[in-house]
Amino acid sequence: MQTRRLGRTGVAVSEVGYGAWGIGGTMWIGARDDESLRALNRAIDLGVDFIDTALGYGMGHSEKLVGQVVRQRSERIYVATKVPPRNRVWPAQRGVPVSECFPPEHITSCAEKSLWNLGVETIDLLQLHTWRDDYLDEGGGWREALLELKEQGKVRHLGVSVNDHAPETALRAVASGLFDAVQVIYNIFDQSPEAELFPACRQHDVGVLARVPFDEGALTGAITPETRFPEGDWRNQYFRGDRKQAVHERVQRLAALLDGEARTLAELALRFCLDHEAVSTVIPGMRSVRSVEANAAVSDGRRLSPALREALRGHAWPRNFYS
């Protein structure tokens with residue numbers, strides 16, 4: 001497993017991390033705790049030492065599973081988690097003040113709950129789960145609450161999770177000096193962070209967590225017009241209507257690029273993310289040992305050829321399936 005520096009934190013983390021949303025038990029239907037625990041342990045066996053979770057993933061269930069594994073392992077595992085907005089609205093909405101999303105008492109309370117769920121004394125990276133740069137112009141104690149958690153030793157580093165497909169909403173956060181890392185959607189379909197966010201992160205030495213590398217499964221090739229999801233699974237909304245057909249057609253064109261550089265669509269998707277030097281770690285969701293082994297194997301030091309990288313630029317597909 002190759003490692004990369006997480007911005008100015010100076011911490012070297014595995015370039016393939018573990019996205020733990022899918023093991024929370026809600027929204028993504030079908031995860032079994034026993035298999036999730038095996039997957040987490042296998043990831044650590046293979047050198048994965050960065051796990052991203054959130055208090056909002058299964059109302060803390062994901063955090064509890066992650067904490068159970070981390071406490072049992074002797075390896076140094078870096079854990080990132082997130083404070084959900086108090087108004088429970090994702091993504092952050094224009095014109096809604098920070099006081100409705102992240103009042104100081106809410107930040108502190110959520111951090112304490114995450115510490116308890118994880119069973120650790122310190123959270124390596126605490127992120128605000130939604131963000132707008134307008135927050136930087138508002139008072140209300142949210143900033144002081146974050147800094148106090150650091151002063152108390154309950155949090156080591158701070159970050160934000162950038163709004164869906166909107167990297168421009170966090171450019172000032174990167175330059176503020178307050179945050180050490182940003183988490184942003186970055187994949188073959190959404191290459192928009194390359195324009196402004198990634199250069200800003202490099203300039204200010206802010207770490208980048210590339211999330212949704214598979215576009216919620218689309219870029220693995222697993223989504224076809226016949227795909228059906230369990231009742232209650234949020235992907236029924238994400239891939240509603242004719243979206244599965246549109247995804248399938250796009251991915252079929254991508255499959256024509258598979259060769260010795262990448263033999264599967266999932267591998268191609270991860271190699272695309274890791275090819276950018278601003279990315280500190282990519283955090284695919286993984287719910288099975290099989291997925292862990294396939295994804296971890298991509299960290300072999302190889303990068304895309306200039307020709308393939310240029311070809312992938314033509315597959316950018318601006319749209320927002322979250323809306």
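## Pairing in the sheet

Two strands are taken to pair if DSSP finds at least two bridges between them. In this predicted model, strands S5 and S6 meet that condition, pairing in the parallel sense over 4 bridges. One of the links between these strands joins Lys-82 to its bridge partner in S6, Gln-127.

Strand S6 (residues 123–128) also pairs with strand S7 (residues 155–161), again in the parallel sense, over 5 bridges. Here Gln-127 has Gly-159 of S7 as its bridge partner, and Ile-123 stands opposite Val-155 in S7. Of the 6 residues of S6, 6 are buried, so this strand is largely enclosed by the rest of the structure.

## The sheet as a whole

S5, S6 and S7 belong to an open sheet of 8 strands, in the order S3-S4-S5-S6-S7-S8-S9-S10, with parallel pairing. The edges are formed by strand S3 (18–19) and strand S10 (281–282); each has a single partner strand, so one side of each is left without a neighbour in the sheet.

Helix H7 (residues 197–204) lies across two strands of this sheet, S8 (181–185) and S9 (207–211), and runs at about 165° to S8.

## Helix H2 and its surroundings

Helix H2 has 12 residues, which at 1.5 Å a residue should span 16 Å; the end C-alpha atoms are 17 Å apart, in agreement with that value. The buried residues of H2 are Ser-62, Glu-63, Leu-65, Val-66, Gly-67, Val-69 and Val-70. These buried residues pack against helix H1 (33–45), strand S4 (50–52), strand S5 (78–83) and helix H4.

Helix H2 (residues 61–72) packs with helix H4 (residues 104–118) at an angle of about 50°, and the two axes are 7 Å apart. H2 is therefore oblique to H4. On the H2 side, the contact is made by Glu-63, Lys-64, Val-66, Gly-67 and Arg-71; on the H4 side, by Lys-113, Ser-114, Trp-116, Asn-117 and Leu-118. Classed by type, the residues in this contact are 3 nonpolar, 3 polar and 4 charged.

## The position of His-315

His-315 is located in the segment after helix H12 (306–313). Its relative accessibility is 17%, and because buried means under 20%, His-315 counts as buried.

Apart from neighbours within four places in sequence, His-315 is in contact with Ile-188, Phe-189 and Gln-191, and also with Arg-253, Leu-254 and Leu-257.

Key
Residues are numbered from 1 along each chain as its sequence is written. This is a predicted model: local features need pLDDT of at least 70, side-chain atom pairs count only at pLDDT 80 or more; totals for chains, interfaces and linings use all residues. Side-chain values use heavy atoms; hydrogens and water are left out. Contact means heavy atoms within 4.5 Å. Axes are lines fitted to C-alpha atoms, for helices over the stretch in contact, and angles run from 0 to 180 degrees between N-to-C directions. Angles under 35 degrees count as roughly parallel, over 145 as roughly antiparallel, 65 to 115 as roughly perpendicular and the rest as oblique. Ala, Val, Leu, Ile, Met, Phe, Trp, Tyr, Cys and Pro count as nonpolar, Asp, Glu, Lys and Arg as charged, and the others, Gly among them, as polar. Buried means under 20% relative accessible area, exposed over 50%, partly exposed in between (1.4 Å probe, protein chains only). The expected span of a helix is 1.5 Å times one less than its number of residues.
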